[in-house]
Amino acid sequence: MFQWLSGGGRRDRRLVVDALYGEIVAAARQPRLYSAWRVPDTPLGRFEMMSLHVFLLLHRLRGEEGALKEIAQELTDHFFLEVDHSLRELGIGDMGVPKRMKKLARMFYGRLSAYGEAVDRADAAALGDALKRNIAPERAVWEEAGELASYVLDAHAILAATTGDDLRAGKIRFPPLKEEVTDDR
């Protein structure tokens, strides 16, 4: 009770959410996503990668109760607060932000559904199709979508094996993406 009155539990959750969010940002900024896998290095492309990694953690936290449920909600709130800040940094005025936030929220929740169904079935082809449709809709063919789908399924497996204690401590990891080494002989 005293922890609730002093806000200690909220402060501790905030530290956990910050740690988890930091891991998400690091994973979403891996250069290989944008170089070798040709995710558009644009504000929308970066939103897609952030959304994908937030999805992975929220998918892991789905169905949890207590502190993990609260962490999931705070993580979602934090993500959308960051999206709001990013829109403002891009020069979107106060009148335009709510409209764009609604659109981005619809996009995000649509992706949660599409990616979640494919991940639950471990269906790499369906996941690749959903990734292509959302990340590179203008391309007739995006061969790298299959590689990204494999990465997502690997990340899902790692997060599924992550204990509740590790999650409550803010400890997660995503598969590293190694840069290809080219032989310039």
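Asp18 counts as partly exposed because its relative accessibility is 36%. Buried means under 20% relative accessible area, exposed over 50%, and partly exposed in between (1.4 Å probe, protein chains only). Arg14 is also partly exposed, at 30%. The two form a salt bridge, with the closest N and O atoms 3.1 Å apart. A salt bridge here is a side-chain nitrogen of Lys or Arg within 4 Å of a carboxyl oxygen of Asp or Glu. Both residues lie in helix H2, 4 residues apart, about one turn of the helix. An α-helix has 3.6 residues a turn, so residues three or four places apart point the same way.

## Basis of the model

This is a predicted model: local features need pLDDT of at least 70, side-chain atom pairs count only at pLDDT 80 or more, and totals for chains, interfaces and linings use all residues. Residues are numbered from 1 along each chain as its sequence is written, and side-chain values use heavy atoms, with hydrogens and water left out.

## Other salt bridges

The whole structure holds 13 salt bridges. One joins the side chains of Arg13 and Glu74 at 2.7 Å, N to O. This pair links distant parts of the chain: Arg13 sits in helix H2 and Glu74 in helix H5, 61 residues apart. Glu74 counts as buried, at 16% relative accessibility.

Asp123 and Arg121 also meet through their side chains, at 3.4 Å, N to O. Asp123 is partly exposed at 25%. Arg121 is exposed at 52%. Elsewhere, salt bridges that share partners join Arg13, Glu70 and Glu74 into one network.

## The largest pocket

The largest pocket has a volume of about 730 Å³. Its lining has 22 residues, and the closest to the centre are Pro43, Arg46, Phe47, Ser86 and Leu90. On a 1 Å grid over the protein atoms alone, a pocket is an open set of points with protein on both sides within 12 Å along at least five of seven lines; lining residues have an atom within 4 Å of a point.

Helices H2 (8–28), H4 (43–61), H5 (67–89) and H6 (97–120) each supply at least two lining residues. H5 gives the most, with 6. By class, the lining has 15 nonpolar, 1 polar and 6 charged residues.

## Helix H8

Helix H8 covers residues 144–160. Helices are DSSP runs (H or I, at least four residues), numbered from the N terminus. At 1.5 Å a residue, its 17 residues should span 24 Å, and the end C-alpha atoms are 24 Å apart, which agrees. Buried residues of H8 include Leu148, Tyr151, Val152 and Leu159.

Terms used. 1 Å grid on protein atoms, 1.4 Å probe; cavity = no way out; pocket = protein on both sides within 12 Å on 5 of 7 lines; lining within 4 Å. Points joined across faces, edges and corners; volume = space filled by probe spheres on them. Nonpolar A, V, L, I, M, F, W, Y, C, P; charged D, E, K, R; others polar. Expected span 1.5 Å × (residues − 1).
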